[in-house]
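Here are a few friendly notes to read alongside the model. Please have the viewer open as you go through the points.

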Amino acid sequence: MATREADAAVSGGSGSDEVADRVTRIAEPIVAALGLAIAEVRYGGTRAGGTLRVTIDKPGGVTLEDCTRVSRSLGHALDVEEAIGHRYTLEVSSPGLDRPLHGPGDYERAIGRLVRIKTRPPWEGPRVMIGRIAGVESAAVRVAVEHEEEQVIPWSAIAQAKLEVEW
């Protein structure tokens, strides 16, 4: 993980989601130009300071060099754009082996992989299940659970999902 501290002039609102949205708009073309993709942007903190976490990904995995290049390029761009109106720490990292799955694209890339899915009501199936992603549909994901029928879980019923590390 590469870390960078920066001072930036005041610009825009202070909400965490607003900061993450603004950073995402600035970061997407930079990260894409480096042959990577943004997996997640999260900001947490106060008006006096905070932490900006940018998670990047690419087929075959992310290297320390990738994180360093994104940190330098993005940090400079955020300073120029005055995207965050106070002191902040920029952390750029890979999603890790047990990466969370956030949208249909993540699930499609994980077809055949072992996942842990936590569900929420009104889903009437198991609250936690471990299985392999069998397919992705417009309204649901199909999960093959060992020794059980394939589960079709609506997107709205998924509270959290992440890849399981297989040894």
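1. Glu164 sits in the segment that follows strand 9; strands here are DSSP runs of E with at least two residues, numbered from the N terminus. Glu164 counts as buried because its relative accessibility is 17%, where buried means under 20% relative accessible area (1.4 Å probe, protein chains only).

2. The Glu164 side chain makes a polar contact with the side chain of Arg116 at 3.2 Å. A polar contact is a pair of N or O atoms within 3.5 Å, one able to donate a hydrogen and the other to accept it. Beyond its neighbours within four places in sequence, Glu164 touches Leu114, Val115, Arg116 and Ile130, with contact meaning heavy atoms within 4.5 Å.

3. A word on the basis: this is a predicted model, in which local features need pLDDT of at least 70 and side-chain atom pairs count only at pLDDT 80 or more, while totals for chains, interfaces and linings use all residues. Residues are numbered from 1 along each chain as its sequence is written, and side-chain values use heavy atoms, without hydrogens and water.

4. Five strands form an open sheet in the order 8-7-6-5-9, with antiparallel pairing; two strands pair if DSSP finds at least two bridges between them. Strand 8 (151–154) and strand 9 (158–163) are the edges, each pairing on one side only.

5. Within that order, strand 6 (residues 128–136) and strand 7 (residues 140–144) pair in the antiparallel sense over four bridges. Gly135 has Arg142 in strand 7 as its bridge partner.

6. Strand 2 (residues 37–45) and strand 3 (residues 49–57) run antiparallel, joined by eight bridges. These two strands form a hairpin with three residues between them, and Gly44 has Thr51 in strand 3 as its bridge partner.

Terms used: Buried < 20%, exposed > 50% of the residue type's maximum accessible area, 1.4 Å probe, protein only.
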